[in-house]
Amino acid sequence: MFRKEVLILYYFFITFVILIDQLSKFWIRTHIKVGSSIEVWKGVLNLSHIENSGAAFSSFQGYGRYFVPIAFFMVIILIKYRNDFKNRRFLVDLGTGLIIGGGIGNAIDRILFNQVTDFISFHSNHGILNFADYFIHYGMIILLIDLIFNHLINKRAHKKT
């Protein structure tokens, strides 16, 4: 892929994540009252509207805005991390794009509302999350897979020489 196309794809991932996250949160805020829940898939998935003014698992309640500078600091670190690669890799672009988009999505909520709208509740899980949270988690997993995969490739290449 050409450099310009790779850059467009990278920014597409970020924009896609922010749009999905913000549109879903807007829908939840306008259709489900805080504290209410809708069963989507019996015994598996609920849409449960909560407003989290803290961090993960409702820790640090009331300090949501303090996490905005941390989110933007992490965005800057991830952009630098991605830009340090001489040979752009799809998984690095995808992983960093998902994490950056998720971080910005939650930061937008914290800036506008001093809290984050959470609503995805799986019965097998004890937390209530949003799409930004899931994108951040999957982005981290993708970066870990890329790191392990490239380590194995480099290890194999060094054995041949």
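Visitor: Which backbone oxygen lies 2.7 Å from a polar atom of the side chain of Thr96?
Guide: The model is a predicted one. A polar contact requires a pair of N or O atoms within 3.5 Å. In this case the side chain of Thr96 has a polar atom 2.7 Å from the backbone oxygen of Val92. Thr96 itself belongs to helix α3, residues 90-113.

Visitor: Is Thr96 buried or exposed?
Guide: The term buried applies under 20% relative accessible area. Thr96 is buried, because its relative accessibility is 0%. Beyond its neighbours within four places in sequence, Thr96 is in contact with Tyr10, Leu78, Tyr81, Arg82 and Leu143.

Visitor: Where is Ser24 found, and which backbone oxygen does its side chain reach?
Guide: Ser24 is found in helix α1, residues 3-31. The side chain of Ser24 reaches the backbone oxygen of Ile20 at 2.9 Å. Ser24 is also buried, with a relative accessible area of 13%. When residues up to four places away in sequence are not counted, Ser24 touches Phe119 and Phe131.

Visitor: Leu78 and Arg82 were among the contacts of Thr96. Which residues of α2 are buried?
Guide: The buried residues of α2 are Phe67, Val68, Ala71, Val75, Leu78 and Arg82. Seen down the axis of α2, these buried residues fall within an arc of 105°, so they line one face of the helix. On the other side of α2, the exposed residues are Pro69, Phe73, Ile76 and Lys80.

Visitor: How many residues does α2 have, and what is its reach from first C-alpha to last?
Guide: Helix α2 spans residues 67-83 and has 17 residues. Its reach from first C-alpha to last is 24 Å, close to the 24 Å expected at 1.5 Å a residue.

Visitor: How many bridges join β2 to β3, and over how many do β1 and β2 pair?
Guide: Six bridges join β2 (residues 45-52) to β3, and Asn52 has Val116 as its bridge partner in β3. β1 and β2 pair over four bridges, and the bridge partner of Ile38 in β2 is Leu47.

Visitor: What is the phi of Gly43, and which residue has a positive phi although it is not a glycine?
Guide: Most residues other than glycine have a negative phi. β1 and β2 form a hairpin with three residues between them, and Gly43 in the turn has a positive phi of about 75°. Asn114 is not a glycine, yet has a positive phi of about 60°. Asn114 is placed in the loop between α3 and β3 and is partly exposed, with a relative accessible area of 26%.

Visitor: How far apart are Ile120 and Ser48, in sequence and in space?
Guide: They are 72 residues apart in sequence and 6.4 Å apart in space, C-alpha to C-alpha. Ile120 lies in strand β3 and is buried at 7% relative accessibility. Among the residues that Ile120 touches, beyond those up to four places away in sequence, are Leu45, Asn46, Phe131 and Tyr134.

Conventions:
Residues numbered from 1 in each chain as written. Predicted model: local features only at pLDDT ≥ 70, side-chain atom pairs only at ≥ 80, totals over all residues. Heavy atoms only, no water. Helix = DSSP H or I, 4+ residues; strand = E, 2+ residues; numbered from the N terminus. Buried < 20%, exposed > 50% of the residue type's maximum accessible area, 1.4 Å probe, protein only. Polar contact = N/O pair within 3.5 Å; in protein donor to acceptor, adjacent residues only side chain to side chain. Contact = heavy atoms within 4.5 Å. Expected span 1.5 Å × (residues − 1). Arc of directions from axis to C-beta. Pairing = 2+ DSSP bridges.
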